[in-house]
Amino acid sequence: MSLDKATVAKVAHLARIRVPEGELDHLAGQLNGLLGWVEQLREVDTDGVEPMTSVVAQTLRRRADAVADGGYPDRVVANAPDGAEHFFAVPKVVE
Amino acid sequence: MAYRIQGETGEWEVVVGLEVHAQVISNAKLFSGAATAFGAAPNSQVSYVDAAFPGMLPVINEFCVEQAVKTGLGLKARINLRSIFDRKNYFYADLPAGYQISQYKDPIVGEGTIVLDLSDGGTREVGIERLHLEMDAGKSLHDQHPSKTYVDLNRAGVALMEIVSKPDLRSPEEAAAYLRKLRTILRYLGTCDGNMEEGSMRCDVNVSVRKVGGRLGTRTETKNVNSIRYVQQAIEYEADRQVKLIEEGGQVVQETRLWDPNKGITRSMRSKEEAHDYRYFPDPDLLPLVLEQSWVDRVKQTLPELPDDKKARFMADYGLSAYDAGVLVAERARADFYEAVAKGRDAKMAANYVIGDLLGALNKTGKDIGESPISAADLGGLIDLVTDGTISGRIAKDVFAEMLETGEKPSVIVEKKGLRQVTDTGAIDKAIDDVMAANADKVAEYRSGKDKLFGFFVGQVMRATQGKANPALVNDILARKLKG
Amino acid sequence: MTKPTRLTHLSMAEALEGLKAKDFTAVELTRAHIDAIADLRGLNAFITETPDLALEQAAASDARYAKGEAGPLDGLPLGIKDLFCTRGVLTTAASHILDGFVPPYESTVTSNLFRDGAVMLGKLNLDEFAMGSANITSYYGPVVSPWSPGRKIQRDAGTTAAGSELLEGLRQPRPVTEWEWDRRLVPGGSSGGSAASVAARMVMGATGTDTGGSIRQPASFVGIVGIKPTYGRCSRWGIVAFASSLDQAGPMTRTVKDAAIMLRSMAGFDPKDSTSVDLPVPDYTKALTGDIRGLRVGIPKEYRVDGMPAEIERLWQQGMDWLKAAGAVPVEISLPHTKYALPAYYIVAPAEASSNLARYDGVRFGLRVEGKDLKEMYENTRGEGFGAEVRRRILIGTYVLSAGYYDAYYLKAQKVRARIAQDFTSAWDKCDVILTPTAPSTAFAIGDKQDDPIAMYLNDVFTVPANLAGLPGISVPAGLGSDGLPLGLQLLGKPFDEETLFRVAGVIEQAAGPQPLPPVHS
């Protein structure tokens, strides 16, 4: 598998990261290097192996249905770059 | 009757599947301790977890899990004792983490069924594909500022059950019946309030068309259709659009569309045009959700009697028609009201009063049974007054109207207005004698064979007694006296 | 030596004794460290210094000592890796994208430290989002190892202002001491600021986080102790996430005993972290008995990697000899999938990171770079806000999770990971602890390996398997290489058996003897 410039641009868009056109080639080269390197995993026989879904040997702990958080809109929006009346604000979205 | 679209090239049928997002009734959110109540001030029900602050982690609400399992059991579905939470990655202003925690390959609930009650009194089974738990997104407000969208995260993180039907529905009416039934079941279970106006139940509609019996066509997904009527309209519109498109030589594109209720049309969603690649993978902040069968069994024991079972019981125990039973079980409160009225009384008579009189009257004022000015005990009391002969069925109608108006007890109204039925034969004798004396000519005509005049005499006697005379007694005595 | 200098050279255990004995106060101890930090600002170990807060905390600590209510870490001045959210104190993850972010909450680990009386001197530099093995990816510039050869130049405080950048001027007091380096060495990464500040005696101990070796490798590079506990031992709540299934916090200290003291405070069950494990935290210092007689020490043959420098091989043998001399039994073991750990790691970690870092979007906190619409605002913000290494990892992670590639990359890597974990499970039948080198080399110079990501990733070849399997690992100083730079030995243990790691590490520490001071102190 080899990544071309267009694929890198597509992935960058999927990740919402602007990559200047001029850097795409260099980046494609680096990403291809990495992907080529991880190809060696194919050598490992993983037939019948369950993929790791949890590192700790336990199952999901559940909490009680109690309201124990929230109620501090000031603090929630305090770090926001833009907003008004406790709302966050972003450039207008047209659906 | 099958739903068909008449095209230029022949008859088409529509294939519909519904994805319902039902907000779980719970105090706190699925993965945080913030409150879920509707309509709070902006970002006032938001924790740092909901706003996806750095380092924040999800911890699952056990009641939401229980609600999902309860719903699964109510849909007669398989409960998966091991399920996995995945991240669905996409960027949107009201999705703070850049991913939604959902369930992809291993949902908590598998296949189930739902029985539709059709308008002709018949039923039809529709398959449920799956039910999974996921978190809701926040809300984007596009109309608060000329160049900005405002974001409120109060809804972000509220638990949703996504309930996916199989593509078993074949008409707008069936889709409506499916939604009504699903809503009824959710409300019976107390797992979702089913309020589509407030958005606590939302529907995505998958529609494709095919020549009758032909191969399945390409489907479109119309998002966030927020009433049953709109769902019907959206299906009609989409089916017609697709048929026209295909017949004109075009092809249906698999895409996400948006319902425009003002124009009554669906349209392609501009902001979601590009193909999605959600990059699902198991959420490493959460571990597999493992349930004990014994726990599931305990939840099962808490299930209320569900509408299908209740309907069957009403038909068997109360001798009601499928239609009447269906009307009564459509809402749990209605069924409970009916049973309170019917207890120890004539069940059919109770059904007539509840359906014919009470529901009819409430319907006119747009109220539901919970807002009824007449309690079940009082309606039962009214029936008792009829049954024991205190008032006649006709007088009962007046008393009912008075009860509806004032909320007073039937016995109070009867006493206050002196509506008690006259059963004193002396008084009735006298009234009959007066009527016969005043209408001697008619008495003669009757006696000469004009039987039809009997009704006239009954009417006169009832009028003379202001309707309070016991009709049976009036009949008996009148017949005897007229004979001469 | 003057009293303040001596205070900074104490171990945490010694300082606790001194505080209890009223030999000095917490304020004096803290002041000594604040001075040391000012003196060594040329290392760029701190992103944010919090001397006022530290002195306030120290005064409160002295009050507790006076009342006899001191906690297990009371009055000890520590540094906090700037990946831990600290209430009211700028938290950056060394990234431009978190510009100005002041958390309104305190991470569980730092809360635990403060509960036990610790004093915070400031927030320590790191690789951006903890992605790196040399601390060269920080938005705030690289950290210089205190082992770098160089000299101090005293200058008048007033004369340095002209050249300093506005940002530098804003985030910390102006340097009064400058350093001139002959060769700037990396402290390792990603916990480079933590490693450098502990080794340079600017702090008594520091928090680190370890996703693929980020505690152990820098500990080895600067000659200190660093332990990555078992996954689930320390809460991840409030730590900026890099790769959730691999991240784990741990202490970095100058002695094994200090690490034992500090981990006891950091660790513990946290109901706010679903992966936190509800097990009691032992008093790890009790494990430091020195008695390892009969203990089976596994020597994994697969760790003899191609091209491993002879001195690393020698160091490893030295470690075996020390442990054997103390009565332990070396056992050769096999961890057959070792060579696949790094490639598996470089799929799993970027995949998780690509998702974890999606929240940095310019909406709720940190940097925003405007654009004509929402999508462009996202792309501008994230394009400018993330550095090259972070961008590269997000892109790789996005790619390996994308439709059509998930099975071939991510799923495959998670299966290989299961194999690697199984290797360890099998090994525990034969041994009680595993001994390996910590890193394949001593520290290199800033600028080396910078354009070759894979060469840089190879630094983590010995440390990554423990992260993939969730096992505890500790790096202990074991002497100097031929280049005069520190080298560490790594011990890997069974899940939640940190006590054995501390016990064996204590024996190595004892055998290796006192470690030399880094050149900045010579």
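# A walk through chains B and C

With 19 C-beta neighbours inside 10 Å, B:Ser171 counts as partly exposed. That label has cut-offs: a residue is buried if 20 or more other C-beta atoms lie within 10 Å of its own, exposed if 12 or fewer, and partly exposed in between, with the C-beta atoms placed from the backbone. Before we go on, keep in mind that this is a predicted model, where local features need pLDDT of at least 70, side-chain atom pairs count only at pLDDT 80 or more, and totals for chains, interfaces and linings use all residues. Residues are numbered from 1 along each chain as its sequence is written, while chains are lettered from A and ligands numbered from 1 in the order in which they are written.

Back to our serine. You'll find B:Ser171 in the loop between β11 (159-165) and α2 (172-189) of chain B. (Helices, H or I with at least four residues, and strands, E with at least two, are DSSP runs numbered from the N terminus.) Leaving out residues up to four places away in sequence, B:Ser171 touches B:Tyr3 and B:Val14; a contact here means that the C-beta atoms of two residues, placed from the backbone, lie within 7 Å. B:Gly455 sits 284 residues away from B:Ser171 along the chain, and their C-alpha atoms are separated by 52 Å.

Now zoom out to chain B. The C-alpha trace spans about 95 × 55 × 50 Å along its principal axes. The radius of gyration of chain B is 30 Å, whereas a compact globule of 484 residues would have one near 23 Å; the radius is taken over C-alpha atoms, and the globule rule is 2.2 Å times the number of residues to the power 0.38. Chain B is divided into domain 1 (5-299), domain 2 (304-417) and domain 3 (425-483), with bounds that come from an automatic or database domain assignment. Between the C-alpha centres of domain 2 and domain 3 of chain B there are 34 Å. Of the contacts in chain B with a separation of 6 or more, 68% are between residues 24 or more positions apart.

One strand of chain B deserves a stop. Is β12 (residues 201-211) of chain B mostly covered or mostly uncovered? It is mostly covered, as eight of its eleven residues are buried. Strand β2 (residues 11-23) of chain B runs antiparallel to β12(B), joined to it by eleven bridges; strands count as paired if DSSP finds at least two bridges between them. Here B:Ala22 stands opposite B:Met201. β12(B) also pairs with strand β13 (residues 220-225) of chain B, again in the antiparallel sense, over four bridges, and there B:Asn206 faces B:Glu221.

Finally, how do the chains meet? Chain B puts 25 residues in contact with 32 residues of chain C. Its side there divides into 18 nonpolar, three polar and four charged residues. (Ala, Val, Leu, Ile, Met, Phe, Trp, Tyr, Cys and Pro count as nonpolar, Asp, Glu, Lys and Arg as charged, and the others, Gly among them, as polar.) Chain C, in turn, has 53 residues in contact with 38 residues of chain A. The largest share of that side of chain C, ten residues, comes from α14(C). By class, the side of chain C that touches chain A has 28 nonpolar, 14 polar and eleven charged residues.
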